[in-house]
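Take a look at the model below.

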Amino acid sequence: MRVLFVHGACVVDGAWWWQRMTGPLERRGLASAAVELPSCGPANPTPGAPALGDLRADIAAVRAAAAGDEPTLLVGHSYGGMVITGAAAGQPNVADQPNVAGLVYLAAMLPDAGEALAAMADPDSPSWLEPADQDTVRVRGDLSARDFREHFLADCDEAAAEGALARIGRQAAAAFGQPPGGAGWRTLPTTAVVCTADRATPPARQRDWARRAGRVVELDSGHHPFLSRPEELATIIASAAHG
């Protein structure tokens, strides 16, 4: 069994976000890797850079990474929950089906086949994003580094917070209006991790989404437990992997 991490919205360098998890998971007998989502790119793209992908491109990237003989546990953070939901759904007439053994959602939505992220978001919660150029979105410009830390990185140490701030990017707006096309959680073992100290995505909202999961675990962490609580999160993931 291996673990494949799928990062959230508007960030780059998925391997960096996951770096504190590799050691704890290895000690529990699990290899892991991170996927780079085609819908995400740098905050300041170079002139002439290709257009970003969409949710379908993200799903295809994860499916390709999960192909092979070794069973894979997909771990999706925040927006990444949309991606793993579609990536884990079986698709008729596709030669190379992903070898997905289970799903773990971290502070993430569990959409059904026809549900887009935009439709599942709480209309009473403030949006952290705003339109940018080239049909993309970015973190709101009126949020200072201090604001971002207080909401998204409150329980992270200085090194994690500085590294995270350096990797905030932009994302194709289309990704937020597309449904996953299938719902892998309907047929696969699924764990939802509710981050109870999350100041970005209200824990109550996470619990609503988590009702679709077969197993729900509450973790006393902020929005990024893989940065702030790697050992505790590794225990949860190992339990999901070993069933």
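What follows starts with the strands and ends with the pocket and the cavity.

This is a predicted model: local features need pLDDT of at least 70, side-chain atom pairs count only at pLDDT 80 or more, and totals for chains, interfaces and linings use all residues. Residues are numbered from 1 along each chain as its sequence is written, and side-chain values use heavy atoms, without hydrogens or water.

Begin with the parallel sheet. Strands of a sheet pair through backbone hydrogen bonds, either parallel or antiparallel. Here six strands form an open sheet in the order S2-S1-S4-S5-S9-S10, with parallel pairing. Strands (E, at least two residues) and helices (H or I, at least four) are DSSP runs, numbered from the N terminus. Two strands pair if DSSP finds at least two bridges between them. Strand S2 (31-35) and strand S10 (215-219) stand at the edges with a single partner strand each, so one side of each has no neighbour in the sheet. The twist averages 20° from one strand to the next. Strand S1 (residues 2-6) pairs with S2 in the parallel sense over five bridges.

H3 lies across S1, strand S4 (72-77) and strand S5 (100-106), and runs at about 150° to S4. Helix H9 (residues 230-242) also packs on the sheet. H9 touches S1, S4, S5, S9 and S10, and its direction makes about 170° with that of S10. Contact means heavy atoms within 4.5 Å. Axes are lines fitted to C-alpha atoms, for helices over the stretch in contact, and angles run from 0 to 180 degrees between N-to-C directions.

S3 pairs with strand S8 (residues 169-172) in the antiparallel sense over three bridges. Pro42 has Gly169 of S8 as its bridge partner.

Now the helix pair. How do helix H2 and helix H3 pack, and at what angle? Helix H2 (residues 55-65) and helix H3 (residues 80-87) pack at an angle of about 60°, with their axes 8 Å apart. H2 supplies Leu55, Asp58, Ile59, Val62 and Arg63 to the contact, while H3 supplies Met82, Val83, Gly86 and Ala87. By class, that contact has six nonpolar, one polar and two charged residues. Ala, Val, Leu, Ile, Met, Phe, Trp, Tyr, Cys and Pro count as nonpolar, Asp, Glu, Lys and Arg as charged, and the others, Gly among them, as polar.

On a 1 Å grid over the protein atoms alone, a cavity is a set of points where a 1.4 Å probe fits but cannot get out; a pocket is an open set with protein on both sides within 12 Å along at least five of seven lines; lining residues have an atom within 4 Å of a point. Grid points are joined across faces, edges and corners, and a volume is the space filled by probe spheres set on the points.

The largest pocket holds about 850 Å³ of space. Its lining has 36 residues, and those closest to its centre are Ser78, Leu117, Trp128, Leu129 and Thr201. Helix H4 (117-120), strand S7 (136-139), helix H5 (145-152) and helix H7 (203-210) each supply at least two lining residues. By class, the pocket lining has 24 nonpolar, nine polar and three charged residues.

The whole structure has one cavity of 30 Å³ or more. Strand S9 (190-195) and H7 each give two or more residues to the lining of the largest cavity. S9 gives the most, with three residues.
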